[in-house]
Amino acid sequence: MESKRLQRVPSYLFSDLDRKQEALQAQGMDVINLGVGDPDLPPPPHVVEALRQALNEPANHRYPPYAGTKEFREAVAQWYQRRFGVSLDPDREVLALIGSKEGLAHLPWALLDPGDVALVPDPGYPVYKTAVLLADGEPFPVPLDPQSGFLPDLETIPPEIARRAKVFFLNYPNNPTAGVATKEFFRDLVKFAQDYGIILVQDNSYSEIAYDGYRPPSLLEVEGAKEVGIEFHSLSKTYCITGWRIGFVVGNPKVVGALGKLKTNLDSGVFRAIQHAGTVALNGPQDEVLKRLEVFQRRRDLVVNRLRELGWEVPLPKATFYIWLRTPDGSTARTFAETVLMRTGVVVTPGSGYGERGEGYVRLSITVPDARLEEALNRITEAFKGFGQG
Ligand SMILES: *Cc1c(COP(=O)(O)O)cnc(C)c1O
């Protein structure tokens, strides 16, 4: 029944995990889900209040402008200026999205012809590869290795592939590895894109989720980046509003315009009340974001310390909600994730779901309440004492 196009892609990693969790819960197991990166903390109260008030305005219940309200696009441009020192034209270089996943998933339809190559990170957020497959493009995996801080080695990309490539998906701070990019790497990347005529697509959904004072850069801070690149952002993770569905893309006006043109034919924009609350979130004080970061940082330290006490080698993430853990005793990602689930009722994501290079890893997320996280760690400690990491 499925089209050949749809047959080329698997069902979404997290919808499979959701089903497994439901089945175990039906059997009475107390499941703790460290699988998905979905903040448990409430959104900043003033942002919720802005949404509440926007609901009382009848005009907000009508179709929004396709590209996003002027108010929202201006707020994005001003936020970029304040946060990164980057100037954007709110009319041509900013586009509102129904979450960044929506924009990322649709982008290949706007840019790729059948057979065009898209460079995708491996491991990587699954949407890049599947979106390319759905648009009849050819994903080419670019390995992210721990030895290079999960940054791709541009020299190892075969020149004949680079010449055929139309887009290059990147994601720093990185999901699932928690790797971060330097501005120097972004400079090399822009040069690479200029040399080969490639469009850089940097997913900066975690730019605000960083620890110990670290402030992740924007690709667009690099000279020449706007000529070759765009950058996606999400309000989901920053303001703990994953269910609201609001994000945006900025950068090269031709690329932003192409995605905008496609979207006018597909959807009818983001609910105006949510765009208004998003505007308030971007324009207002960010102290509520910092308060949430303190909670996430404490949880990060807790997980890293407790797993290290088991004798496991665990890197300390500088950003994101994720601990990217090498599986003990060299078991496969799926075997280890299943063992953890069966022995402890804790869901972790098998790294192989993010690509071949994710084999041998699992991803743990810190987006559950402290008490549940501690309970999960107690169970893991109990179940895996003396289970060395090989
Ligand atoms: C969560 C996530 C997204 C999607 O964010 P939404 O704006 O909620 O669609 C995009 N990219 C990465 C890497 C993510 O982890």
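This is a predicted model: local features need pLDDT of at least 70, side-chain atom pairs count only at pLDDT 80 or more; totals for chains, interfaces and linings use all residues.
A residue counts as buried when its relative accessible area is under 20%.

A pair of aromatic rings is described by two quantities, the distance of the centres and the angle of the planes. In total, 20 aromatic pairs were counted. For W79 and F84, the ring centres lie 5.5 Å apart and the planes meet at 85°, so this pair is edge-to-face, an angle over 60 degrees being what that label requires.

A second pair, F336 with F384, has ring centres 5.5 Å apart and planes at 55°, so it is classed as tilted. F336 belongs to helix α13 (residues 333-344), whereas F384 belongs to helix α14 (residues 370-384); the pair therefore ties together parts that are 48 residues apart in sequence. Both F336 and F384 are buried.

Rings can be looked at alongside charged side chains, too. The charged end of R363 sits over the ring of Y322, at 3.8 Å from the ring centre. Likewise, K318 places its charged end over the ring of Y214, here 5.9 Å from the centre of that ring.

Methods. Residues are numbered from 1 along each chain as its sequence is written. Side-chain values use heavy atoms; hydrogens and water are left out. Rings of Phe, Tyr and Trp (its six-membered ring) pair if their centres lie within 6.5 Å; planes under 30 degrees apart count as stacked, over 60 as edge-to-face and the rest as tilted. Helices (H or I, at least four residues) and strands (E, at least two) are DSSP runs, numbered from the N terminus. Buried means under 20% relative accessible area, exposed over 50%, partly exposed in between (1.4 Å probe, protein chains only). A charge sits over a ring if NZ of Lys or CZ of Arg is within 6 Å of the ring centre and within 35 degrees of the ring normal.
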